[in-house]
Amino acid sequence: MMHKFWMSVYKEILLLKRDFGGLVILFVMPLVLIITITLIQDSTFKSVTETKIPILLVDKDNGEISKTVKQNLNESGSFEIITQINQKNITEDQAKEQVFKGKYQLAIVIPEKLSTDLQLKVNQNVEKILSTFGMQDSTAAAKVNAKLQPKEVRLYFDPATQLSFKNGVKSAIDKMISQIETKSIYATFQDQLGESDEPVFEQKTFISFKEIVPKVDNKEIIPNSVQHNVPAWTLFAIFFVVVPLSINIVKEKSQGTLVRLITNPVPYAIVILGKTATYLIICMIQFWLMVAVGVYLFPYLGLPTLDVSDKLLLMSVVALFSGLAAIGFGILLGTVAKTQEQSAPFGATSVVILAAIGGVWVPVFAMPKIMQYASHISPMNWGLNAFYDVLLRNGGLLEILPEIILLLLFFLLTTVIAISYDKKKRAV
């Protein structure tokens, strides 16, 4: 039996050698993919955090608020403020035209008398509150009746701008204006109470935010683009073996090779095991190549280094069982498909769909609820979660055991269905 198994493996190796170009694509395509995607995502990340984005600022206020907004935008380090074009102050119409043509991503328009009207509104509110306690004279209280129109800071965005960028800018501007209003209220109360020597109100921020990240040996583990991309696109590469595997199975059926093997006699299960062992080696080579790129090549490209210290063994275990799941799916597809025209397009399309719902392209939490539920049936999602448990969550074997079991069960189920289908078809 072992001799038949090794001969089956040898046969698969000979088939792969005959299609050397396809074999090279299996290894080269994932490497090119992971380098390209990681470079794009990392440069995109840097463009937001390191490179200053030019934005237009139309200042109709020329007061304390516009001065504070400019100062905060400059201090953020993310924006380059432009107030003039061709040495002339920008008008709102010009800013709108420039942004909607895509020449700038954002224009901020600060309305007229924003600073003075805000201070007047704060004064009215403070005087009204103090008058209810009898701490203000009737003349000051009468000023409360003056009506002021609400002000709006207008933001113009390039229609091609991502929603996340829009929301981030709007949130930052809103926070900025809120802080200015709060300080104005405190300062007005201070002035009205006549306590100018010592501050009555503490204006320092009481509530702050601090991100707590996992630590190993007192060093913070900060996730980066490499830690997300290497596992994700490794899984995509591993599952892409579905295409050549299913095509080879269909070829054997159409050329009569499978019939000759079985009449030797060689049980179909041995043929399946031979294919499993051969393609599992390919999957592991793909994985180790991807890791090698992350560890040794990425630093030369200006990307973060993939840290696999004390994690390579567990990552290899995840890759092994992910490879089994991919091979099981390829065997099932090749057994059921009747022609290469059926297996190749369906195999490629199904891998892309599994990657999409599995979180390889878009994080699962960002998907609609129905797709979040659908992601749980994707073996790529199981493998991706296991990789993240090891790389990002510092998990051990117990933490990845549920995903490994699911991947193994998926392989066993698809293989059993393939063998049963083959037996039933030959019995007919």
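Reply: Start with the contacts of Val 351. Not counting residues up to four places away in sequence, Val 351 touches Phe 236, Phe 239, Phe 240, Val 242 and Met 380. This is a predicted model, so every value here is computed from predicted atoms. Val 351 sits in helix α13. Its relative accessible area is 0%, so Val 351 is buried, the cut-off being under 20%. Val 351 and Ile 238 are 113 residues apart along the chain, yet their C-alpha atoms are separated by 9.9 Å.

Now move along the helix to Gly 347. Gly 347 also belongs to α13, which covers residues 340-358. Because an α-helix has 3.6 residues a turn, residues three or four places apart point the same way. Gly 347 has 0% relative accessibility and therefore counts as buried. Leaving aside neighbours within four places in sequence, Gly 347 is in contact with Val 242, Val 243 and Leu 333. Val 242 is on the contact list of Val 351 too. Gly 347 and Phe 239 lie 108 residues apart in sequence, while their C-alpha atoms are 9.5 Å apart in space.

Beyond its neighbours within four places in sequence, Phe 239 is in contact with Ser 322, Ala 325, Ala 326, Val 351, Pro 379 and Met 380. Met 380 is also touched by Val 351.

What do these contacts belong to? The largest nonpolar core has 64 residues. Phe 239, Phe 298, Met 315 and Met 380 have the most contacts inside this core. The elements giving two or more residues to the core are α2 (20-49), α8 (225-239), α9 (242-255), α11 (268-297), α12 (312-336), α13, α15 (379-391) and α16 (397-427). Of these, α12 gives the most, with 13 residues.

Take α12 itself. The helix has 25 residues. From first C-alpha to last, α12 reaches 36 Å, close to the 36 Å expected at 1.5 Å a residue. Of its 25 residues, 20 are buried, so α12 is largely enclosed by the rest of the structure.

There is another core, lying apart from the one above.

Asp 61 lies in the loop between β1 (53-59) and α3 (64-76). Asp 61 is buried, because its relative accessible area is 11%. Its side chain reaches the backbone nitrogen of Gly 63 at 3.1 Å. Leaving aside neighbours within four places in sequence, Asp 61 is in contact with Ser 66, Ile 110, Pro 111, Glu 112, Lys 113, Leu 114 and Ser 115.

Asn 62 is in that loop between β1 and α3 as well. Asn 62 has a positive phi of about 50 degrees although it is not a glycine. Most residues other than glycine have a negative phi.

Asn 86 has a positive phi too, of about 55 degrees, and is not a glycine either. Asn 86 is found in the loop between β3 (84-85) and β4 (88-89). With a relative accessible area of 71%, Asn 86 is exposed.

Definitions and conventions:
Residues numbered from 1 in each chain as written. Predicted model: local features only at pLDDT ≥ 70, side-chain atom pairs only at ≥ 80, totals over all residues. Heavy atoms only, no water. Helix = DSSP H or I, 4+ residues; strand = E, 2+ residues; numbered from the N terminus. Buried < 20%, exposed > 50% of the residue type's maximum accessible area, 1.4 Å probe, protein only. Contact = heavy atoms within 4.5 Å. Polar contact = N/O pair within 3.5 Å; in protein donor to acceptor, adjacent residues only side chain to side chain. Core = buried A, V, L, I, M, F, W, Y, C linked by side-chain atoms within 4.5 Å. Expected span 1.5 Å × (residues − 1).
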